[in-house]
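Let's walk through this model together, starting with single residues and then moving on to how the chains meet. Keep the viewer open as you read.

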Number of protein chains: 2
Amino acid sequence: MRELHKLFYPERIAFIGATENITKWGGYLLIYLMDGGFRENVYPVSIGRESVFGLPAYKSVLDIKEEIDLAIITIPAKGVFPVVEECHEKGIKNIVLVTSGFSETGEEGKRLEDELMAYVKEKDINLVGPNTMGILNSHASLYATGANVQSKKGKISLIAQSGNVGTQFLEWADQSNIGISKFVGSGNEGVLRSEDFLEYLADDEDTGVIVMYIEGVDDGRRFLEIAKKAAAKKPVVALKSGRTAAGSTAAASHTGSMAGSYRVFEAAMKQAGIVIVNSLPELLMVAAAFDSYPNPKGNRVGIITLGGGWGVVTADNCEERGLVLPELDEKIITELDKILPSFWSRGNPVDLVGMVNQDLYKKSTELMAESEDYDAVIVLGVINSVKFAEKTFYSAQRLGIQTPFDDVDVKKLLHGSTLDYMDFVIELMEKYDRPIYPVALVITEEDDIVHSKDQSRYKLILFRSPEEAVLCIAKQLEYQRYMDKRKDQ
Amino acid sequence: MRELHKLFYPERIAFIGATENITKWGGYLLIYLMDGGFRENVYPVSIGRESVFGLPAYKSVLDIKEEIDLAIITIPAKGVFPVVEECHEKGIKNIVLVTSGFSETGEEGKRLEDELMAYVKEKDINLVGPNTMGILNSHASLYATGANVQSKKGKISLIAQSGNVGTQFLEWADQSNIGISKFVGSGNEGVLRSEDFLEYLADDEDTGVIVMYIEGVDDGRRFLEIAKKAAAKKPVVALKSGRTAAGSTAAASHTGSMAGSYRVFEAAMKQAGIVIVNSLPELLMVAAAFDSYPNPKGNRVGIITLGGGWGVVTADNCEERGLVLPELDEKIITELDKILPSFWSRGNPVDLVGMVNQDLYKKSTELMAESEDYDAVIVLGVINSVKFAEKTFYSAQRLGIQTPFDDVDVKKLLHGSTLDYMDFVIELMEKYDRPIYPVALVITEEDDIVHSKDQSRYKLILFRSPEEAVLCIAKQLEYQRYMDKRKDQ
């Protein structure tokens, strides 16, 4: 196994190809790196300049006195070889080669890449790329990707065989307040391949969930061996593209990778314990679910809903994904009889018939969470139901109508009740070690998609739709069953 | 066919059960109605009060001098019958019966409902409900739903057999800046059924697309006859829940409707030209696509992408939904040879390899749009790609680094270029009558999901993911093919 720690946790970085032209990689990537936290410990290397962005610049890495853990290279392809030789001479073991114009551009580039990689392999240098979108590690304040996303610290790490898919993922995660540990765009995979990063992240303590975007794999056997070992340690969620003829043609022209027969690959991945999803949005949400929730231990789901229709939609979703909805036991019925109108459904889903009542929300959620009949609970529409009340208040204000709440900070009051409920749900998850998936009635700009509570193992995700929540339950269960089966063997 | 015009376009409304308690339907619904625009022309009816929210109140509708087009009733179930009798006496032909506690609550409620409906049918009154979430018509400033969404004026109309699904849809549409024409929650369908509304909306000039959420249908034959006629006039997009055993059990306890065998129903719906989707988010996006875009005339898709990976994902998506990606013809290749780096893909997807160049964006989009080889064009990542540049600028600012843009309003400049491109794309759609689906690189709070241009037939939607865009193409094509087949017969 390769020693990649210093690649992801460098103390000092040489930035080769530094320029003050902020429309070039050598300009903006350096700015992102500095803005992320690397200032005194980044060493710009530039042939023509004495300083770059106020930092002293060097003609060559050989002029730098301090030890360098990582070199980031952005100079044009033709000049890369001698620079890499200098890196070796300087004792640099890790290189991120951002430069494009190698094998992805045709014969000439391929020759250039082959020569360079032969040298890099011989010298045992860890090289990311060429043609990579960069690298990120929030735990080392290392932000060196084309996206300029300063991801929030977290435990989700992403390996992407496409830079633009990778940066898209980072953007979406950032918008949704989802923490990221590491990202690496594997580029042309001249030396380090996706599976090398997978192997490293499987043992990385700052990584709890591994996410992969895969277009093609060269050494399928090795990939699957490493994948299997990784999946035994933590969840690995993957999206494989190039599934169809059109997709694999596009992939071939893009990274030159062979897409292979998808069905065979998919079956092998599943057997190795990898969780497969079908789209980019799914990739993010399922990763976030693994990062936030305990896994359900079985397929029995309890549903609480503020309105009937959403319960029906969710029940369909559950059954279509192999989940079942056990009936309510006597205890739950008796307890809910006390607080719900006499005509309530007495079934699963529990229909709260639109009642606005914090105690009812808490009580019904706890009854489901503590019951041995359910492995997971879905709560529909309760979170942010108060936003309807808020809107009523504002309508009244506009009309000049007095309400009992005129002297109260309504927004704060209502938001407080939502936070109170969310904290309560996290406590229930801690107490019963069962996941609870809330689908919010509304999600507005004010809402964080991920809600944390101090000193809690688990977090709460505000799901946007029942479909999203059910998908996450099904995928977490798939992984849990894989792990259970492993244990039995 | 029922005459429902005054139900949706009332001039004067009686509001029966008016109260100043804003936590009750009789309070907040009246507030929404007033806030939406009904002030002098709404007549509160209240046994105990002289005035409600500053409006003079009446003991009975019979005390109102003016002619009333619509009565909204919120009083408890037991008192409804005599009030409906008074409505009839007053000559009111349209009633929205919000009140719950009828057949959805059991035997006693069922008896109450049956009695009432027999009377209402005899008197030929148009009654929505009971147990309805209300009614909305943005073209008549009629906002009388539990959601208090003041939908933007538009051409999408929604019929929902679940009030909470309906209001959810209105909320999401509002957040996405998607215009709505009408909404009606059909509730228990005591008199007016979903298909009655469908029949009306098929001929409504303010409705361009009809959306339905269906849990169950009582008279399948009549429903399908009406659906077929409606689909011949405008697109009808439907989500059917209660597809599974779990779902139909939930539906039965919710509205008492029979879910029936889904496969049979689905096949019949498709044969009638109805476009079926699988989830609530899909329902909204597909409706918005029909509302904004010309239909593709065939299944040939051209893709332009800022980065390779997303092109691969989209190519897969296309093939999986029956769309094909014809190769580029000589003309496009020759033209793009002039502006793209020599190593460009020369294939479909056209990979712009991350170049930031407005002329390139416009040129490549027009080449695809004008070509007779493509029926639809997808543009990935171009819109809002400038946000990366914007972030670079802010990073530089934070670091105290001077840039050539220090004296420029960067946000405005960059946003301007995005708007310029979006207007250009709308012009292309007008010119070539071909749909162009842009998937934005990033969507932030500042962005409107729907972009309109004065005097243009078509609008632009910012899709969040390739999957969303491809789904919309496939569904629009499905409808176009249905219409073509009809014409041939």
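Does A:Asn188 count as buried or exposed? At 11% relative accessibility, A:Asn188 counts as buried, where buried means under 20% relative accessible area, exposed over 50% and partly exposed in between, with a 1.4 Å probe and protein chains only. Before going further, some bookkeeping: this is a predicted model, in which local features need pLDDT of at least 70 and side-chain atom pairs count only at pLDDT 80 or more, while totals for chains, interfaces and linings use all residues. Residues are numbered from 1 along each chain as its sequence is written, chains are lettered from A in the order in which they are written, and side-chain values use heavy atoms, with hydrogens and water left out.

Back to A:Asn188, then. You'll find A:Asn188 in the loop between β11 (180–185) and α6 (194–202) of chain A; helices (H or I, at least four residues) and strands (E, at least two) are DSSP runs, numbered from the N terminus. Its side chain makes a polar contact with that of A:Glu113 at 3.0 Å. Polar contact here is a pair of N or O atoms within 3.5 Å; within protein, one must be able to donate a hydrogen and the other to accept it, and residues adjacent in sequence count only if both atoms are side-chain atoms. Beyond four places in sequence, A:Asn188 is in contact (heavy atoms within 4.5 Å) with residues including A:Phe102, A:Gly129 and A:Pro130.

Next stop, A:Asp447, in the loop between β18 (436–439) and β19 (450–451) of chain A. A:Asp447 is buried too, with a relative accessible area of 11%. Its side chain makes a polar contact with the side chain of A:Lys387 at 3.2 Å, and a polar atom of that A:Asp447 side chain lies 2.8 Å from the backbone nitrogen of A:Thr444.

Now zoom out to the two chains. The contact takes 73 residues from chain B and 73 residues from chain A. Across this interface there are six salt bridges, meaning a side-chain nitrogen of Lys or Arg within 4 Å of a carboxyl oxygen of Asp or Glu. One of them joins B:Glu320 to A:Arg243, with the closest N and O atoms 2.7 Å apart. On the side of chain B that touches chain A, α11(B) gives the most, with 10 residues.
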